[in-house]
Amino acid sequence: MDGKPFWRKVYTPSWNSTDSWLWRLAKAHVLAHDAGYHQLVSHWLSTHCVVEPYVIATNRQLSVIHPIYRLLHPHFRYTVEINAFARKDLVNAGGIIESTFSPGKYSMELSSVAYDKQWRFDHEALPKNLISRRMAAEDPCSPHGLKLTIEDYPYAKDGLDLWDILKKWVTDYVNHYYPNQSLVESDEELQAWWTEIRTVGHGDKEDEPWWPVLKTPQDLIETITTIIWVTSGQHAAVNFGQYTYAGYFPNRPAITRLNMPDEDKSNEIWKIFNEKPDNALLHTFPNPTQATKVMLILSLLSCHSPDEEFLGKDMEPAWGEDPEIKVAFEEFRGRLMELEGTINERNGDINLKNRNGAGVVPYNLLKPFWKDGDKEKGVPYSISI
C-alpha cells in the first residue's frame, strides 16, 4: 500500500538475541490475526449469525405444535436478543470489536467475506467440518467413521462423542413423528421452513449445490442435528473458554499496534527495538484500555447466566407429553452423563499431552453439565450469551 511493494518474511525460533525478540513479536502478530478470525468468523459468524435464519424461519413457517418446532424451540432461546445486543455494542461501527481487535474498521467486512467464501451448511456438521479442514478422513473401521489426523485433538474427540449423542436423540425423535419415508416430503410446513432457510435466510447461496435435500427422515435427521450442534456444542466450544485462553492478554493479544520493526530498518521503530526490545513488545501489544476492554468482554462472554438451560438437564414440557419421547430424552440424558465421565478420564490421562501436563488447561468445553462455580463447563441448548 502507499506505493510500497508487498512485504513478507518468515520468522523462526533462534538463540540469537535479535532474532529471538523478532520471534516474540512475530508470534504476537500471528495471535492477533487469529484472535480476530476467531471472534469474527469462528464465533460471531459461524454460530451467532448463521443461526438467525433458522430462528426466523422456524417462527414464520412452523406452528408451535409442530413436532420440529417443539424440538428446536429450546435451541433458539435468546439468540436473536443477544445478537441485537452484539450489533448495538460489540460489532457496531466504532464499537468494542472494531476498537480492540486487529481487523479494526474492516471487522464486519472480514466476517462478510468469510461468509461468502467459506460458509456452507453441510460443513457445519462436525464430521464434515473436520474432513473439510483435513483434520479427519472417512474410515468405516474407526470410531464415528472417521480417522483423526491428530488423535489427541480434544475438540474433535469430545465433539464427535457429543455429535453422536445429539444425532441419536434427534433420530429417536424424528423417527417417532415421521415413521413413513414419505411423510417428510409431504409435510408442507416443514418444506416451507427449509425453503425459507435456503432461499431467504441464505438467499445469496440458494443455488449452491451443497444444500441438502429434505425428502426422507434421514435427510431431516442430518439437517436438524447440524442446526442443534451449532447452537449447542459448537458455540460452547468457541465461546466459554475465551477468558481462560485470552483473559491474560499476552497469551492472546487481540490487536497489534506496531508493524514488525524490521519491515523498514531505516525508521524509528527499528532503532527503538534495538535499544529496548521489551518496550517495542509492550507498544506492539494492546494498550491498557484495549486490553481491559477485551478482558471484561471475554469474562462476560465466558460466564453462564443464572437461568441457563443445559443439554439434557430439564425436559421440555412438550417432550414429556409423549411416553416414547420422554423415554428417548431420558436415554439422551444418560448418554450425556456418560460423556461427562469419559471427558474426565481423558483429562486425567497423562498420555494425552494436549489435555494433561504442566501448565496445560484440561479440556472441559464440551462437558454437558454445569454447576455454580465451574469454569468453561456446560453446554447450553442455545446461543444465549
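User: At what angle do helix α1 and helix α10 pack, and how far apart are their axes?

Analyst: First, the ground rules. This is a predicted model, where local features need pLDDT of at least 70, side-chain atom pairs count only at pLDDT 80 or more, and totals for chains, interfaces and linings use all residues. Residues are numbered from 1 along each chain as its sequence is written, and side-chain values use heavy atoms, with hydrogens and water left out. Helices are DSSP runs of H or I, at least four residues, numbered from the N terminus. Axes are lines fitted to C-alpha atoms over the stretch in contact, and angles run from 0 to 180 degrees between N-to-C directions. Here, α1 (residues 17–61) and α10 (residues 217–239) pack at about 155°, with axes 10 Å apart.

User: Which residues of α1 and α10 meet?

Analyst: Contact means heavy atoms within 4.5 Å. From α1, the list includes H38, S42, H43 and T47; from α10, it includes I227, V230 and V238. By class, this contact has 5 nonpolar, 10 polar and no charged residues (nonpolar: Ala, Val, Leu, Ile, Met, Phe, Trp, Tyr, Cys and Pro; charged: Asp, Glu, Lys and Arg; polar: the others, Gly among them).

User: Is V238 buried or exposed?

Analyst: Buried means under 20% relative accessible area, exposed over 50%, partly exposed in between (1.4 Å probe, protein chains only). V238 has 11% relative accessibility, so V238 counts as buried. The C-alpha atoms of V238 and H38 are separated by 7.9 Å, though 200 residues apart along the chain.

How values were computed: Helix = DSSP H or I, 4+ residues; strand = E, 2+ residues; numbered from the N terminus.
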